[in-house]
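Please examine the sequence and the structure shown below.

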Amino acid sequence: MSTSFDTQTLRTERLDRLARASAAVAALPRWRTCGRLLRATGLVLEAGGLRLPLGASCRVELANEGGFAEAEVVGFTRDTLYLMPFEEIAGVVPGARVWPLDEKGGMSQRLPVGDGLLGRVVDARGRPLDGQGALRDVVSQSLGGTSLNPLERAPIREPLDVGVRAINAMLTVGRGQRLGLFAGSGVGKSVLLGMMARFTEAEVIVVGLIGERGREVKDFIENILGESGLSRAAVVAAPADCSPLLRLQGAAYATRLAENFRQQGRNVLLIMDSLTRYAMAIREIALAIGEPPATKGYPPSVFARLPALVERAGNAAPGGGSITAFYTVLTEGDDQQDPIADAARAILDGHFVLSRSLAEAGHYPAIDIEASISRAMTALVDSRHFDCVQGLKRLISHYQRNRDLVNVGAYVSGSDPLLDQAIALQPMIEAFLCQRIDERADFDTAVQALFDLIEQGNSASRSRPR
């Protein structure tokens with residue numbers, strides 16, 4: 001009796017599985033759209049026989065049996081699609097078959113977002129790089145963000161403590177502000193970013209390491225960001241040996257992660273190193289598909305896509321979350337008139353310039369106070385704070401303009417009261433603007449130190465014989 005019952009149950013289960021499998025097979029399309037590879041030149045593959053939108057993903061057949069390479073549609077001419085592979089490929093042959101990943105011809109690129117990415121390091125396609133296993137507590141979303149009505153954004157009214165004295169006191173940053181960190185190579189921009197990542201009062205940190213050397217990725221995570229910073233951070237790494245498509249996608253993915261956390265009402269710190277490598281990736285793709293170069297080899301699409309990326313950061317509607325963003329901009333040979341640097345200055349809410357001469361003199365952080373500005377600062381500080389900043393900037397500027405006269409002994413004390421004050425305060429100004437890497441200077445303490453410095457200068461000026 002029992003044996004007959006078990007046999008009947010097993011037969012019923014098999015019939016149910018067969019019915020489900022039959023339904024799944026019946027739901028499959030009766031045919032699959034397939035194109036053919038027409039040409040492979042440089043970074044781009046050309047395919048015919050497909051009708052797909054820009055951004056759609058495809059699989060390209062390789063010569064080795066069962067091998068495929070994934071590529072994305074980056075352009076088209078008439079009936080020819082331009083595809084760019086996500087990784088360097090070998091084994092592509094003329095006439096190889098090309099299949100769309102989405103049979104409906106839609107945008108198939110969806111990547112993981114959510115709290116499961118905190119404390120993790122992933123590549124530009126959302127795949128873990130840290131060896132900690134698969135991602136958990138994540139959902140898949142498209143890379144495209146939703147644009148915010150500029151009139152619905154909350155204004156920048158709340159100062160953000162970044163833990164760096166020179167920035168807190170002299171270049172105050174607001175929550176939701178977007179700033180550029182302009183620097184050449186080897187002047188300490190990565191270390192300064194790491195300090196802000198560890199010390200900034202933000203609930204979540206999203207770091208996009210775009211186009212940097214592979215060695216620097218591990219060094220930034222382990223030695224600069226540290227365990228305390230990584231515990232509340234999501235890191236997207238697309239190093240220099242990645243294809244330009246992945247570098248482009250890495251920047252968009254990091255921004256999408258920050259947007260997801262902002263939608264949850266959180267205050268996010270977005271660090272992208274670097275915006276210049278992102279622009280270079282756009283240039284490589286654009287030139288490969290035939291877009292003509294314009295300014296110093298950069299095609300017009302670069303200057304159209306930079307603001308599209310940057311504008312996704314910032315404040316949400318009042319009462320919502322925020323994204324405070326720092327973008328590093330590489331200035332080749334410390335040239336501040338580089339086209340990308342010039343374009344970034346125009347679309348960002350301020351810029352901090354790191355000086356090579358200050359770095360070589362052991363002045364850290366090597367922020368050039370004269371050349372730097374925070375455009376939102378007037379709405380963030382009171383009149384006393386702002387007046388003290390302006391007064392200290394005047395002293396710094398006046399000293400720098402007359403520095404050579406002072407050094408060679410050509411200046412006669414008493415000839416210029418403002419310069420006398422600047423010379424007397426110079427050691428204290430240097431000490432005020434310098435800070436150790438492991439030292440945190442909170443906002444209130446930094447502002448009070450500025451007040452004390454200005455008061456010392458005023459006292460010295462009043463006591464000086466006339």
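Phe326 and Phe352 are both buried, where buried means under 20% relative accessible area, exposed over 50% and partly exposed in between (1.4 Å probe, protein chains only). The model is predicted, so that local features need pLDDT of at least 70 and side-chain atom pairs count only at pLDDT 80 or more, while totals for chains, interfaces and linings use all residues. Residues are numbered from 1 along each chain as its sequence is written, and side-chain values use heavy atoms, with hydrogens and water left out.

The structure holds three aromatic pairs. Rings of Phe, Tyr and Trp (its six-membered ring) pair if their centres lie within 6.5 Å; planes under 30 degrees apart count as stacked, over 60 as edge-to-face and the rest as tilted. One of the pairs joins Phe68 and Trp99 edge-to-face, at 5.6 Å centre to centre and 65° between the planes. Because Phe68 lies in strand 4 and Trp99 in strand 6 (residues 97–100), this pair ties together parts that are 31 residues apart in sequence. Strands (E, at least two residues) and helices (H or I, at least four) are DSSP runs, numbered from the N terminus. Phe68 is partly exposed at 37% relative accessibility, whereas Trp99 is buried at 11% relative accessible area. The rings of Phe326 and Phe352 form a tilted pair, because their centres are 6.4 Å apart and their planes at 45°.

Phe68 also has the charged end of Arg59 over its ring, 4.2 Å from the centre. Here, a charge sits over a ring if NZ of Lys or CZ of Arg is within 6 Å of the ring centre and within 35 degrees of the ring normal.

Where does the largest pocket lie? Domain 1 (35–100) and domain 2 (110–380) both give residues to its lining, so the largest pocket lies between them; the domain bounds come from an automatic or database domain assignment. A pocket is an open set of points on a 1 Å grid over the protein atoms alone where a 1.4 Å probe fits, with protein on both sides within 12 Å along at least five of seven lines; lining residues have an atom within 4 Å of a point. The largest pocket is lined by 25 residues, and Gly55, Glu72, Leu248, Ala252 and Arg305 lie nearest its centre. Strand 4 (68–77), helix 5 (244–263), helix 6 (275–288) and helix 7 (300–310) each supply at least two residues of this lining.

For the second largest pocket, helix 4 gives the largest share of the lining, six residues.
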